Amino acid sequence: MSVRWSLQLRREAASVPFARRVLLGAMEAAGVDPDISHDLSVALSEACANAVEHAEGDLSGTYRVTAEIDGDRCRIEVTDFGPGLPSRWLPHRTRVPAAAAVPAESGRGMFLIESLVDNVCFDSRPGRGVVVSFDKALKWREGSLLQAS
C-alpha cells in the first residue's frame, strides 16, 4: 500500500507548521517510527521555510509540498516558483558546496536537511524556482497500517 498527498500553500510563515503537522499526522496514522517522523518533519520545515523566505519574485505567491509513503520509503518534494538558487550554491545544478563555502548567515537549512535524510537533491531552475526533494527509509511501529510485508 502507498499514500501520496500534495498541498499548495501560500508563501506565508504560518504555512510551515501547517505542512509539518500534516506530515506528522500522516506518519502517525501510517505507524511510522516517531524518530523517523521527526527527522522528516524537521527537514520538511526547513525546505518550506526556504520556499517562504527565498522565493521572492514569485507571482503565484504559493509553493507546493508533495509527499509519498511507498513501501519502506518516504519521499518529499517542496517546489517554489521564485528566481532559483544563487549560482554560487549550485554551479552545475548539483548539490550545494561544502559547509565552509556557504556564508554563515544562509544555507544552514540545506545542510540540516542533508543531515536528516538519506538522499537530497536541490534543483534550481533559474527564473522558475527551486525543487528540493528528499527521501528517507522508514521504520515502523509494531502493527503499523502501511508496514511493508
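Before looking at helix pairs I noted that axes are lines fitted to C-alpha atoms, for helices over the stretch in contact, and that angles run from 0 to 180 degrees between N-to-C directions. Helices (H or I, at least four residues) and strands (E, at least two) are DSSP runs, numbered from the N terminus.

I kept in mind that this is a predicted model, in which local features need pLDDT of at least 70 and side-chain atom pairs count only at pLDDT 80 or more, while totals for chains, interfaces and linings use all residues. Residues are numbered from 1 along each chain as its sequence is written, and side-chain values use heavy atoms, with hydrogens and water left out.

**Entry 1, helix pairs.** I looked up α1 and α2 and found that their axes come within 9 Å and cross at roughly 155°. That makes α1 roughly antiparallel to α2, a label given to angles over 145 degrees, where under 35 is roughly parallel, 65 to 115 roughly perpendicular and the rest oblique. Contact (heavy atoms within 4.5 Å) is made by residues including V16, L23 and M27 of α1 and L40, L44 and V52 of α2.

I then turned to α2 and α3, which pack at an angle of about 155° with their axes 9 Å apart, and which are therefore roughly antiparallel to each other. Here the contact is made by D39, V42, A43, E46, A47 and N50 of α2 with G109, M110, L112, I113 and L116 of α3.

**Entry 2, the sheet.** Which order do the strands take? I read five strands forming an open sheet in the order β1-β2-β3-β5-β4, with antiparallel pairing, where two strands pair if DSSP finds at least two bridges between them. The edge strands are β1 and β4, each of which pairs on one side only, and neighbouring strands are turned by 10° against each other on average, direction ignored. On this sheet packs α1, which touches β1, β2 and β3 and whose direction makes about 170° with that of β1.

I followed two of the pairings in detail. β2 and β3 are joined in the antiparallel sense over eight bridges, and V65 stands opposite V78 in β3. β4 and β5 run antiparallel and are joined by seven bridges, with D135 in β5 as the bridge partner of N119. In their hairpin, which has three residues between the strands, G127 takes a positive phi near 80°.

Leaving aside its neighbours within four places in sequence, A67 is in contact with V3, R4, W5, R75 and I76. The C-alpha atoms of A67 and E77, 10 residues apart along the chain, are separated by 6.4 Å.

I saw α3 lying across β4 and β5, running at about 145° to β4. Its buried residues are G109, M110, I113, E114 and L116, and what covers them includes α2, β4 and β5.

Last I looked up the largest nonpolar core, which has 38 residues, with L40, L44, Y63, I76, V78, I113 and F134 having the most contacts inside it. Such a core is a set of buried Ala, Val, Leu, Ile, Met, Phe, Trp, Tyr and Cys residues joined through side-chain atoms within 4.5 Å. The largest share of this core, nine residues, comes from α2.

Methods
Buried < 20%, exposed > 50% of the residue type's maximum accessible area, 1.4 Å probe, protein only.
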